[in-house]
Amino acid sequence: MDYIQSLRELVDYQQFEQLGTAAGHYYDETLDCDALPLVAMAMAQQGDRQAAMEALNRALKVQEQLTVEGRVDLAGAHCFLFHLDAARELLEALLQEQPGQPLAQARLAWVLLQFGELERAEQLYRSSAALADHRLPVWLALARLALQKEDSAGAESALHRAQAKLADSKQRISAQVGDFFVAQLEQLQLEIWIAQEQFSEAELWLDDEQVVREEEPWAAVVAVYANALAANNHHSQAEEALQSALKAYPNNIAFHAQLAELAQLQGRQMQVVQLLRRAIKLSEQQQRPTVALWVRLASAQLHGNSERARQAADKAVELAAALEPGDELNDLQIKQQRMQAKNALAQVESQQQHYELAEQLFNELLAENLYFLPALSGFGQQQMQRGKIDAAIELFERVKAIDPAKGYSALINARQFPEDDATLERLEQVANQPSLEGRERASLLFQLASVWEKRKDYDKAIALANSANSASRKFLRYDPAEHRQRSARIRYAFGPELYHHRPECGLRDGDDARVPVYVVGMPRSGTTLVEQILAGHSEIFGAGELGVIPQRIQGLERWERHVGSGRGYPDCVDDLSPYVSRGIADGIVKELRELAAEDKPAARFVVDKLPHNFENVGFIKFLFPHAKIISVRRDPRDIALSNYFTDYQAKHGGMGFAYDLEWIGQQLADHNLYMHEWQQRFPGEILEINYEDVVADTEGMARKMLDYIGVEWQPQVLAFNELDRPVKTASVWQVRQPIYKTSTEKWRRYQGHLAPLIAGTNAKIEWQPIDMVSLPDPGLLNEGVAHYKERRLDEAERCFKKLLHHLPDYAAANFMTGLVYADKGHLADGCALLEKALASCPWNRRWRKDLITMCEAAGLAERAEELKQEQRRGRRGGVLADSGEADPLDALDDAADLPFTTSDSAAALATD
């Protein structure tokens with residue numbers, strides 16, 4: 001193989017730092033112009049766009065001297081720099097000349113994917129794979145394309161081909177490259193499990209890997225899993241996975257940083273700040289670089305607390321200046337971190353209206369690197385704020401050349417919209433260009449709808465809002481009928497019988513029992529305004545929209561999957577014992593107190609204003625019988641229009657309904673039914689506040705709320721718009737303004753467009769009959785396991801059989817009963833029960849191993865051999881090997897070994 005071909009393989013292997021150095025030296029020694037596109041690709045992937053553009057421009061000057069492979073690489077450089085039109089034109093011409101060039105086919109397939117041409121892209125990938133089936137990136141691309149088309153079987157097939165190709169190439173690739181592709185295949189397998197909703201399979205594999213990997217490699221796969229969950233709109237599960245991982249490694253910096261990213265996506269700004277502070281503290285203790293974290297902290301506090309943002313930016317600049325090349329950072333990375341820190345300071349200066357100083361910093365950054373995206377975006381936003389529309393558009397055009405989606409979105413991201421028709425028409429053309437996709441396009445349409453509303457052209461505004469919502473709905477998985485059925489099930493599960501039969505559950509005594517205050521209501525009903533007023537009190541801390549309650553619900557769902565109960569939330573709440581429910585409540589209070597500790601340590605109450613907690617009032621009152629809950633109501637027509645004109649970019653946060661007026665109407669009806677049920681269930685315990693009353697009589701309503709919570713009046717709560725605290729919700733700009741009455745009765749502007757809303761609101765509320773098992777006692781599985789550990793087999797058997805009487809298919813109860821039977825000498829019956837448990841949880845490789853052991857002890861050699869073959873097939877099926885000998889029941893209480901003994905043999909089934 002000639003040397004330049006070996007360099008090309010580094011692209012496939014993603015070894016870009018090595019490629020940049022080697023290709024640069026090769027060009028200097030040989031002047032072989034085919035090396036220039038490789039240098040451009042390497043620099044682009046390392047984030048040095050300026051060096052990449054210099055190499056690309058040199059390559060373009062000698063394009064006629066490039067070989068066919070060199071021109072394919074030139075197209076690759078265009079791809080890496082997101083010059084899609086140039087890449088497509090070049091690749092189409094190459095394939096006219098040489099139709100069988102496999103790398104050109106693969107790169108054109110990638111370009112076509114960016115334009116949404118899935119069918120032709122797949123054809124080209126398959127042709128490329130047939131011509132050069134050793135190229136692992138093509139098989140990975142085919143697998144991800146299959147996932148994009150919701151073809152999980154096709155994705156698995158491509159994954160298996162990739163695994164086979166990797167096994168074949170192990171002898172000729174380095175261990176580093178092999179590890180890289182193993183990680184890629186692991187990530188793909190996790191994505192396939194998520195697409196198939198086989199979460200237990202993924203979670204069990206992660207548990208296995210924790211046994212055999214060190215902290216950092218294991219944290220890396222957890223991060224991959226969490227990112228894949230988030231990418232599939234399972235954000236609560238992503239958070240729960242990271243929180244669970246933190247229990248194993250509470251000092252892991254990456255977990256804190258990733259949780260901060262998820263919180264940022266969902267507008268939970270207070271959590272973002274706290275998580276970043278913890279990550280910085282841990283990094284300092286572990287002597288890790290902290291510049292990037294200080295930059296993120298500055299950004300997180302920019303709009304809510306500019307002085308603290310300045311402190312963070314100054315710290316980033318100071319630390320960046322002291323960086324030296326070493327094991328963790330090279331020269332290029334240090335340069336990038338210094339520029340990020342300087343940009344953070346420029347953003348602070350701009351936010352504090354020190355425009356001349358900010359402009360100087362931005363210009364210094366762009367003089368150093370013309371393509372530095374954060375400075376281009378920040379400088380453009382500053383120009384918009386100052387009314388220099390032409391200058392801002394020029395900067396955003398430069399952003400668009402680097403990252404089209406961000407450029408288009410940034411054009412009106414500064415909240416000061418252009419007023420001239422020509423600019424608006426231009427922006428609308430940009431928003432409707434077919435190359436745009438995803439929420440960036442929708443976001444621009446939403447912003448334009450707001451502009452036309454301000455100009456009082458309401459027909460134009462609603463037309464743009466319709467287009468924006470239609471574009472967003474393509475990416476949603478919201479089903480109003482499914483939501484209505486789940487809502488009915490939640491109300492049924494939290495009926496009066498639950499509280500009557502579980503009187504000791506939850507946190508009932510002491511100051512901790514009264515710490516949480518929940519502000520609930522339909523989104524855009526005024527919950528942010530209410531929280532701002534409350535947070536002005538010296539004894540009340542406003543924590544913003546928290547995911548604490550949804551995270552606990554996801555934790556319950558995960559546990560039920562692990563034990564194979566066949567149930568989920570809300571059915572499973574009747575299985576929460578006083579001990580478990582108090583543990584959940586204690587954990588929530590601890591988290592709330594930690595959020596308040598930095599800014600208001602003396603606070604007696606912490607407000608969680610996640611609007612959709614109106615669905616979770618039953619669970620909240622189960623955990624905190626004395627919790628204060630404020631329900632905010634508003635004219636439903638104003639709520640509907642405000643939601644419809646808002647781009648909730650975190651669509652996963654229960655906001656899928658907001659992209660269709662009929663869905664909004666149905667959600668409003670569901671909300672009314674929820675609150676009627678909760679008021680009936682907890683009479684006199686939930687305070688209802690009308691937004692219109694708060695606007696008309698702010699002081700009177702503020703006094704009423706503070707009296708309900710149980711604190712003395714403090715007049716400073718009326719200066720809520722001056723409150724120095726981070727706020728990041730869809731209402732972030734409004735809360736910086738005094739009360740304004742123009743926010744009421746906005747719906748009248750759109751009376752002629754409300755027919756879908758009225759249809760959804762007034763439709764008959766119906767759901768399927770609910771069949772829900774009610775357990776007589778909570779915690780039977782835990783109790784039975786405890787008896788089993790202490791060798792009280794009869795008591796254990798009674799617990800498990802009592803549970804199975806109500807839930808015959810409860811996998812863990814069948815499994816444990818099987819162990820009891822085996823210990824009592826009834827091996828055949830024990831095997832039958834383990835078989836039943838495994839049938840319910842076929843993903844549980846550990847149970848299969850236990851069943852093999854028991855079958856061998858029972859003399860069922862043929863069945864044991866069948867199970868071993870299944871086990872071997874499962875291992876051969878992927879790169880994810882079975883490891884460790886543990887049982888999911890260890891999650892009950894980290895128990896010790898669970899042995900079973902018989903008169904014929906003895907075997908041990910170990911837990912961690």
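**Figure 1. Arg 8 and its salt bridge to Asp 34.** In this predicted model, Arg 8 pairs with Asp 34 through a salt bridge whose closest N and O atoms are 3.1 Å apart. (A salt bridge here is a side-chain nitrogen of Lys or Arg within 4 Å of a carboxyl oxygen of Asp or Glu.) Arg 8 belongs to helix 1 (residues 3-12), while Asp 34 sits in the loop between helix 2 (16-30) and helix 3 (35-45), so the contact ties together parts that are 26 residues apart in sequence. Helices are DSSP runs of H or I with at least four residues, numbered from the N terminus. Arg 8 is buried at 10% relative accessible area, and Asp 34 is buried at 5%. For these labels, buried means under 20% relative accessible area, exposed means over 50%, and partly exposed lies in between, with a 1.4 Å probe and protein chains only.

A note on reading the views: residues are numbered from 1 along each chain as its sequence is written, and side-chain values use heavy atoms, with hydrogens and water left out. Because the model is predicted, local features need pLDDT of at least 70 and side-chain atom pairs count only at pLDDT 80 or more, whereas totals for chains, interfaces and linings use all residues.

**Figure 2. Asp 73 also meets Arg 8.** Here Asp 73 forms a salt bridge with Arg 8, with 2.6 Å between the closest N and O atoms. Asp 73 comes from helix 5 (residues 68-80) and Arg 8 from helix 1, so this pair ties together parts that are 65 residues apart in sequence. Both Asp 73 and Arg 8 are buried.

Figure 3. Lys 590 and Glu 594 meet side chain to side chain in a salt bridge of 2.7 Å, N to O. The two residues are 4 apart in helix 31 (residues 578-597), which separates them by about one helical turn. Lys 590 is exposed at 51% relative accessible area, and Glu 594 is partly exposed at 31%. For a view with several partners, turn to Glu 835, Arg 848, Arg 863, Glu 866 and Glu 870, which salt bridges with shared partners join into one network. The whole structure holds 58 salt bridges.

**Figure 4. Tyr 3 and Tyr 26, a tilted aromatic pair.** The search of the whole structure finds 21 aromatic pairs. In the one shown, the ring centres of Tyr 3 and Tyr 26 lie 5.4 Å apart and the planes meet at 45°, so the pair is tilted. (Rings of Phe, Tyr and Trp, the last by its six-membered ring, pair if their centres lie within 6.5 Å; planes under 30 degrees apart count as stacked, over 60 as edge-to-face and the rest as tilted.) The pair links distant parts of the chain, with Tyr 3 in helix 1 and Tyr 26 in helix 2, 23 residues apart. Tyr 3 is partly exposed at 46%, whereas Tyr 26 is buried at 15%.

**Figure 5. An aromatic cluster and charges over rings.** Tyr 499, Phe 614, Phe 622, Tyr 674, Trp 678 and Phe 682 make up one aromatic cluster. Over the ring of Tyr 674 sits the charged end of Arg 491, 5.3 Å from the ring centre. In another example, Arg 455 lies over the face of Trp 452, 4.8 Å from the ring centre. A charge counts as over a ring if NZ of Lys or CZ of Arg is within 6 Å of the ring centre and within 35 degrees of the ring normal.
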